[in-house]
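Welcome, and thank you for taking a look at this protein. Please open the sequence and the 3D view together, and we will walk through them step by step.

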Amino acid sequence: MTDLDRLAAEKYVLLTTFRKDGRAVPTPVWAVRDGDALAVWTVSDSGKVKRIRRDGRVTVAPCDVRGNPRGAAVPAQASICDRAGTRRVRELMKQKYRLLGRLSLLGSRLRRGEAGTVGLRVVLDE
């Protein structure tokens, strides 16, 4: 089983982004497999999106809902999806997380609108 397979099978992954001064900022997130990468869905103006926009270097690790790591971190590069990519991530989230995913996406769309969230594509380093 590859790192990508292992991480895509997890319910939560710990996405760690890095501040300008190099400090790590870990965040537990839902993640789904999107071809040869992981995809994450998040709020458009979140800190992690701002940090990824500045520097796409991240790590991902399996974790529990509270962000306690359950395995080794894997280095990766993250990028922000365009509208079509974000729509694809939303559909993948609905498939993997079923009812809870649909309810979360609906609630977010009602609160923030369609542009209030964005997909992130995370490609693991080889």
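In what order do the elements of the protein run from the N terminus on? They run α-β-β-β-β-α-β-β-α-β, which comes to three helices and seven strands. Helices here are DSSP runs of H or I with at least four residues, strands are runs of E with at least two, and both are numbered from the N terminus.

Before going further, a word on the ground rules. This is a predicted model, in which local features need pLDDT of at least 70 and side-chain atom pairs count only at pLDDT 80 or more, while totals for chains, interfaces and linings use all residues. Residues are numbered from 1 along each chain as its sequence is written, and side-chain values use heavy atoms, with hydrogens and water left out.

Let us begin with the overall shape. Taken along the principal axes, the C-alpha atoms fill a box of roughly 35 × 35 × 25 Å. Of the 126 residues, 47% are buried; buried means under 20% relative accessible area, exposed means over 50%, and partly exposed lies in between, using a 1.4 Å probe and protein chains only.

Among contacts between residues at least 6 apart in sequence, 68% join residues at least 24 apart, where a contact means heavy atoms within 4.5 Å.

Now look inside. The largest nonpolar core has 20 residues, and those with the most contacts inside it are L7, L15, L38, V58, V60, V122 and L124. Such a core is a set of buried Ala, Val, Leu, Ile, Met, Phe, Trp, Tyr and Cys residues joined through side-chain atoms within 4.5 Å. At least two of its residues come from each of α1 (3-9), β1 (12-18), β4 (37-43), α2 (47-54), β5 (57-63), β6 (74-80) and β7 (117-124). The largest share, four residues, comes from β7. A second, separate core of 13 residues includes C63, V89, M93 and Y97.

Leaving aside neighbours within four places in sequence, L38 is in contact with L4, L7, A8, V32, V60, L120, R121 and V122. Not counting residues up to four places away in sequence, L4 touches R33, G35, D36, A37, L38 and L124. L4 and V74 are 70 residues apart in sequence, yet 9.4 Å apart in space, C-alpha to C-alpha.

Beyond its neighbours within four places in sequence, T16 is in contact with A24, V25, P26, R57, V58 and T59.

Two loops are worth a visit next. A72 is found in the loop between β5 and β6 and, at 55% relative accessibility, counts as exposed. Residues up to four places away in sequence aside, A72 touches R6, V60, A61 and P62. S44 lies in the loop between β4 and α2 and is partly exposed at 22%. With residues up to four places away in sequence left out, S44 touches V49, A115, G116, T117 and V118.

Finally, follow helix α3, which covers residues 83-112 and holds K94. K94 is partly exposed, with a relative accessible area of 21%. The C-alpha atoms of K94 and S104, 10 residues apart along the chain, are separated by 9.2 Å. R98 is found in helix α3 too, and is exposed, with a relative accessible area of 61%. Most residues other than glycine have a negative phi. R98 has a positive phi of about 50° although it is not a glycine.
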